[in-house]
Amino acid sequence: MSAQTSRRERLRQATLEEIHAAARKLLVEQGSAAVTINAVARQVGMSGPALYHYYAGHDELVGAVTADFFRELAAVMEQARDARAGAPTGERLLAVCRAMRAWSVAHPAEFGWIFASTISPPNRGAASARHQAALRFEQVLLDLTAELWRNRPFPVPDLAALPASQREQLTAYSAAIDGRLPPEAAHVFLACWIRLYGLLCMEVLHQLDFAYTDMEPVFEECLRDLATALGIDATQGAAS
């Protein structure tokens, strides 16, 4: 029975991988609207109802494929970080940011898919594969920023000078990440993330094509600004 169960599980896993590959192909070649239960089923040679043996519906399928993309992106970022084991924290953080950009530019459809909807629901302990994969991605940046703060605190704003609503939200976020960054340091971390993510969105969506055909120097300028905010050397690990 154990051997039979193992074989069935391997076959099921292989089918899930085929389903995910089909969904990705449709996304990349035809756009997100093309990723329907029936279209994916046709790609893998099964009926729409048969695919429901693997996923309860479209939302569950989307969540599973999104989790794949988050894990892929997180793995690329982790690889960039680990390739510089022993290097200064700032160098590893900048390498992670550059790796994130490289993946995003190379996979615009997947980038749009994973960042098109909320990735951090109020319950950070949610068990969905999508949410856990999103947290893994977030953790790469958060871990390095927390390490920076722990070893050499960067400049932070006066928390009392911020609007009350912002203070409350920063305090709640700080508690949600177990106080690894105090609210004022969380403010800097989130500001850096907003700047990085915003620029990547504009690049991937070609919103700056009217002015720039080469976004790399623009991205490096952004990294220099973030490095200044975090008190690190922006030239660490930069391409010559």
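Visitor: What makes Asp82 and Arg81 a salt bridge?

Guide: This is a predicted model. Their closest N and O atoms are 2.7 Å apart. The cut-off is within 4 Å, so the pair counts as a salt bridge.

Visitor: Why is Asp82 called partly exposed?

Guide: Its relative accessible area is 45%. Buried means under 20% and exposed means over 50%, so Asp82 falls in between.

Visitor: What makes Arg195 and Asp225 a salt bridge?

Guide: The N to O distance is 3.0 Å. The limit is 4 Å, so the pair qualifies. Arg195 sits in helix α9 and Asp225 in helix α10, so the bridge ties together parts 30 residues apart in sequence. Arg195 is partly exposed at 38%, and Asp225 is partly exposed at 37%.

Visitor: How do you know that Lys25 forms a salt bridge with Glu29?

Guide: Their closest N and O atoms are 3.1 Å apart. That is within 4 Å, so the label holds. Both residues lie in helix α1, four residues apart, or about one turn of the helix.

Visitor: Why is Glu29 called exposed, and why is Lys25 called partly exposed?

Guide: Exposed means over 50%. Glu29 has a relative accessible area of 52%, so it passes. Lys25 has 41%, so it lies between 20% and 50% and counts as partly exposed.

Visitor: How many salt bridges does the structure hold?

Guide: There are 11. Arg24, Glu72 and Glu110 are linked in a network of them.

Note on methods:
Residues numbered from 1 in each chain as written. Predicted model: local features only at pLDDT ≥ 70, side-chain atom pairs only at ≥ 80, totals over all residues. Heavy atoms only, no water. Salt bridge = Lys/Arg side-chain N within 4 Å of Asp/Glu carboxyl O. Helix = DSSP H or I, 4+ residues; strand = E, 2+ residues; numbered from the N terminus. Buried < 20%, exposed > 50% of the residue type's maximum accessible area, 1.4 Å probe, protein only.
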